[in-house]
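Subject: Structure handover

Hello,

Here is the structure I promised to pass on to you. Please open it alongside this note, and I will go through what turned up.

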Amino acid sequence: MIEFRGVTRSYGDTLAVRGLDLVIPSGELFAMLGHNGAGKTTTIKMLVGLLRPGAGQVLVEGRDVVSQAREAAKQIGYVPDQPYLYEKLSGREFLQFVAEMHGMSRSEAGRAIDREISRFGLGRFADELSESYSHGMKQRTVFAAALLHDPPVLVVDEPLVGLDPHSIRLVKDLLRERVDAGASVFMSTHTLAAAEEVADRVGVMQQGQVIFLGTVEEMRRLHPARDMTLERLYLTLVGGEVGGVSSREAAEQADAGSAARPQRGAQQASERVAPIDSPGPLEPPNPLQPPNPVEPPSPVENQP
Amino acid sequence: MTPAPAAVRATAAPERRDLDTRTEAALFRRVRLTEARAHLRRLLGQARLRTLLVVTLSLFFWCGLFALFYLGFQFLSTGIAAPGYPFHTKTVEFVFHLFFASLNLMLIFSSGIILYGGLFASPETRYLLTTPARDERVVLHKFQEAVLFSSWGFFLLASPLTIAYGLSVDAPWSYYALILPLILSFVYIPCALGAICCLLLIYKLAHVRLTVLAAIAAVSFGAAVAAVWDAVGATRTQVFDDRFFNDTINRFSFTRGELLPSSWLSDALIDAAQQPPPIPMPLGETPVVRAVMCLLLLFTNSLMARLILKAVAQRTFRTAFSQMECRPRRARRGKTALVDRVAEAVLHPFPPQVRLLLLKDWRLLRRDPVQWSQFLIFFGLLGLYFLNVDQFRVTAGDIDRATWVNLVSFLNLAVVGLILSTFTTRFIYPMLSLEGRRFWVLGLMPVSRETIVWSKFVFAALGSWAPCAALILVSDLMLRVSALVIGVHQLTTVLLCVGLAALAVGLGAIMPDFREASPSKIAAGFGGTLNLVLSAIYIILVVTLTALPCHFKLIADSASINPDWLPTRYLDLWLVLGAGLAVAVGMVATIVPLTRGVRAFSRLEFD
């Protein structure tokens, strides 16, 4: 299980993540969506221990990622968007290093490595130095490394970028398989179709805040009778506001009412997409309080 | 790929043994060894020329330094005072303390800076921080690299110095046995100090780290310049008299501080080099035992420094890393500066496409301090040396003026050429490889590949000619050489700049590397090494062809030289022939690589 409790992080004056409250229970695949600069990567960096929250707490299987960094790291398998491998090590040597780092014995590591090499089809390349690997090969090796120690939490940042269709299918199946086995999966992605296909729940971040949290169905219910794709729903929701927000702007937004900002963005986007989907303009949706008679989607802080 | 095996349980990570610190250290050591072996295999298998060149040049450099130090110590023993006499002892103490204290300071800076890059700008660290590796282990792992990279220069300087000293005073075998452990123990202390400073600086002052570093560097540099200026600013009559000697030794007494590790090292080396006492004396006062005591002092302090570093890393590293990642970033704005407008005006005569390419390369260079700062440092140091070069002439009263001045002036020319060749190899040679990586930009524009290659050549030749010509002119003016020599030097400078630029651009086009993103790694490959070797040969050839006839003509004119073996009637002809040959060599070195480069680049297929 992953828990974010009132997490905030800023880069100088820019607020990258603002008061994030989020729980991803075991056995759930959560997809975080958002524009570039919305705060997804900062959220992931805090989750895997690369950044410390300015305020709040991040827990992985009950371990605080700041005060119990090592214990938390043992619970996580992490696949970054830019895979890192030691160029002068072969794939197998790298996997051996990772396995032993997680405290596996040589024999246990050997079995786990063989299992992952077979799963990811690394057999032909496993003993070549990784300096000769393509991006896809590196990504597969990093996936294998992330799963070696059988982690209960899997964090994947843009896992489908640069992969061939075969590998994309494998990754999607793998993520579902991990979830079915009881793991929590946190996925950040721009590939909306993949999120729609595999995610149990999606979150949409904008300017450091989660402006929607729920299932794709719940998002769709925000716009009943329009039968919109996730892509169109997403664009309707986030509007055109991209990047971070400064503390001054955040204060101004707070003064103007915290709920008004997403509505404005959504309103603009709705007006933009309305002629394509429907004869009239859309109602401005409020993702936190959906209109009647639809069942409201889960609030920003979802408890399992 | 095979279908995924049956689902695995993943509700909680299986309880595994916690990796103890020793096993963790062994694991990191094993990875490093495996990497080093793979690297070595690659060097010996695929980069033999580069390896051979590096080893040969290092040996050459080492032998040169050894000869220099040995002759210096011999001069001290025979010309000043024999070993055991106060002047000899004081001079050796002065040299050793000053030398090791300076390197002490440099090691602190270099290890801190290298560790900064290794810890806060390295994908490996970023990866390791997401694993269960201990923070202090990650720091120690990168610290090993910092120690190695910051101290290899120290070994290259200290080993010939200490061995030369040992031979000059006929030191016992124990001296040579103690050199390595003494140096190893010493190096660790300033390196650890630099690492601790680096961590604490980022931990406490991440947002002003560059300002703090620049201020410390400026103060250190200022203090060093003031001390040196004070020492060499004496009038000629004062130099080498007793008072000057004692004043200089007193002025640098801070390098002999008892708390400085460099003092422990210097004292240990001087003690260890002494002959065993002819009469029995208390064990603790025998020179070799004193040297061993200093070794133990260095060793225990290096262990303590390591412990402190480990503790600091444990408490500060992850927070420091997070602070560095989240520091305020101000995006740089691309503005058209005055220098851009000047460049545009200067480049106006060129065809529009070439002009656009040149302006683009100029902007890339101007906005990349890594490139121009190195250029500035090396050429700035050369400029400083050239501005003070007449000091050598003044103090060299017993050497024939014409011989000395002309020799130095042509050596200066060769040095400028050699430094320029390292820049063309490091920055110009990789340009086309890097252009190839973004070839979709230029490849889809109505510009021929030939134009791209020629524009790089013009950029390199023009860009290098202006500073080189100015430097050589400064050198010539300070040495007050004749107009003939100035003319020959300026012609040679043009030949060097044009030829070196053509070699780098041509070879870069013939042997591009589109897989590698780092220009330094492209330059370190086979093509870059070949470019460096060919450039050195070219410089020696051109400088020799222009310098020798000129030199003979000038010394033949000198009254102090007997001209019997120099038939003066042929000297002008030799001068013209030499210059003509140099121009011919320059043309070959320019045209052949460029035409071949254009041909190869036009035929290239980009992935």
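How many helices and how many strands does the secondary structure of chain B come to? The count is 22 helices and zero strands. Before going further, please keep in mind that this is a predicted model.

Staying with chain B, 35% of its 607 residues count as buried. If you take the contacts in chain B between residues at least 6 apart in sequence, 83% of them join residues at least 24 apart.

One helix pair in chain B is worth a look on your screen. Helix α19 (residues 483-510) of chain B and helix α22 (residues 571-603) of chain B have axes that come within 8 Å and cross at roughly 20°. Angles under 35 degrees count as roughly parallel, so α19(B) is roughly parallel to α22(B). The crossing in which α19(B) passes α22(B) is left-handed. As for the residue classes in the contact of α19(B) with α22(B), there are 19 nonpolar, six polar and one charged.

Now to chain A, where I followed a few strands. Strand β1 (residues 2-11) of chain A pairs with strand β2 (residues 14-24) of chain A in the antiparallel sense, over seven bridges. Within that pairing, A:Ile2 has A:Ile24 of β2(A) as its bridge partner. The hairpin of β1(A) and β2(A) has two residues between the strands, and A:Gly12 takes a positive phi near 65° there.

β1(A) also runs antiparallel to strand β4 (residues 55-60) of chain A, and five bridges join the two. To find your way along this pairing, look for A:Thr8, which stands opposite A:Ala55 in β4(A).

Finally, the interface. Which residues of the two chains meet, and how many are there on each side? On the chain B side there are 40 residues, in contact with 49 residues of chain A. The elements of chain B that give two or more residues to the side touching chain A are α1 (21-46), α4 (123-128) and α10 (287-325). Of these, α1(B) gives the most, with six residues. Sorted by class, the side of chain B that touches chain A has 20 nonpolar, eight polar and 12 charged residues.

That is everything I have for now. Happy browsing, and do write back with your thoughts.

Best wishes

Conventions
Residues numbered from 1 in each chain as written. Chains lettered and ligands numbered in written order. Predicted model: local features only at pLDDT ≥ 70, side-chain atom pairs only at ≥ 80, totals over all residues. Contact = placed C-beta atoms within 7 Å. Helix = DSSP H or I, 4+ residues; strand = E, 2+ residues; numbered from the N terminus. Nonpolar A, V, L, I, M, F, W, Y, C, P; charged D, E, K, R; others polar. Pairing = 2+ DSSP bridges. Buried ≥ 20, exposed ≤ 12 C-beta atoms within 10 Å, placed from the backbone. Axes fitted to C-alpha atoms, helices over the stretch in contact; angles between N-to-C directions. Parallel < 35°, antiparallel > 145°, perpendicular 65-115°, else oblique. Left-handed = near helix turned anticlockwise from the far one by under 90°.
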